[in-house]
Amino acid sequence: MSCLPSSLAPDMLKQIAPVTAAKSLPSASLTEFSSASASWQEAGAREKAAKEAANDFVKGVEETLPELSVIGSPEMSVVGVMAKKPRGLNMYKLNDWLTKNKGWHMNALQSPPALHFCFTAAHGQGTAKALVADMRHALDALASDPNCVSGGSAPMYGMANISPDRGMVSDFLVAYQDVMLTP
């Protein structure tokens, strides 16, 4: 096996040992190294894109959605938000409005009622801004009419969140899944 200096760029490796024609053991090693290096760079670029989208979302929430606060200090690409005044805003209705009217699929959280979104490399540069804008529309709609959205998951999450008997919630969720998943 050959030992390569770490400063050798992947582009140079491709010139030295084309991926399409590995003719000897040393060039095969170079080819493998080149492929692995390119894969690592691609993975790093995807992680960076996801983190940038998450950062754009955090900035958008902090600057344009005063009703919401970001939960903690997101280190990766998952960002949670909750109502600053939980009694004034039903987060589950916010989620239902976003799903029904804009097609967003956020994940609901309990204790405290909140939503979170996982940004990935598939979310382009404008995704975070679009989500913040759609959340602004949803918050305005809910402020003018708290009942502007019905059905969805809000009743289930709301009931589960206020139930004093957590065992009852577990039993209900098992029965709910049985009904929903039965062909």
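**Entry 1: Val 81.** I started with the contacts of Val 81, setting aside neighbours within four places in sequence. I found Val 81 touching Phe 57, Val 61, Leu 68, Ser 69, Val 70, Ile 71, Met 91, Ala 114, Leu 115 and Met 135. A note to myself: this is a predicted model.

**Entry 2: the core.** Next I looked up the largest nonpolar core, which has 32 residues. Val 81 is listed with Phe 57, Leu 68, Leu 94, Phe 119 and Met 135 as the members that touch the most others. I then checked where the core residues come from: H2, strand E1 (68–70), strand E2 (78–83), helix H3 (91–102), strand E4 (114–118) and helix H4 (127–144) each supply at least two. H4 gives the most, with eight residues. I recalled that nonpolar side chains tend to be buried together in soluble globular proteins.

**Entry 3: Asp 56.** I moved on to Asp 56, which sits in helix H2 (residues 25–64). Beyond four places in sequence, Asp 56 touches Gln 125 and Ala 128. I also looked up Lys 129: its C-alpha lies 7.1 Å from that of Asp 56, although the two are 73 residues apart in sequence.

**Entry 4: a surface patch.** Last, I went to helix H6 (residues 166–181), where Phe 172 is found. Phe 172 is partly exposed, with a relative accessible area of 35%. Together with Leu 173, Tyr 176, Val 179, Met 180 and Leu 181, Phe 172 makes a nonpolar surface patch of about 610 Å².

Methods: Residues numbered from 1 in each chain as written. Predicted model: local features only at pLDDT ≥ 70, side-chain atom pairs only at ≥ 80, totals over all residues. Heavy atoms only, no water. Helix = DSSP H or I, 4+ residues; strand = E, 2+ residues; numbered from the N terminus. Contact = heavy atoms within 4.5 Å. Patch = residues over 30% accessible without salt bridge, like charges linked within 9 Å, V, L, I, M, F, W, Y side chains within 5 Å. Areas by Shrake-Rupley, 256 points an atom, 1.4 Å probe, with all protein chains shown as cover. Salt bridge = Lys/Arg side-chain N within 4 Å of Asp/Glu carboxyl O. Buried < 20%, exposed > 50% of the residue type's maximum accessible area, 1.4 Å probe, protein only. Core = buried A, V, L, I, M, F, W, Y, C linked by side-chain atoms within 4.5 Å.
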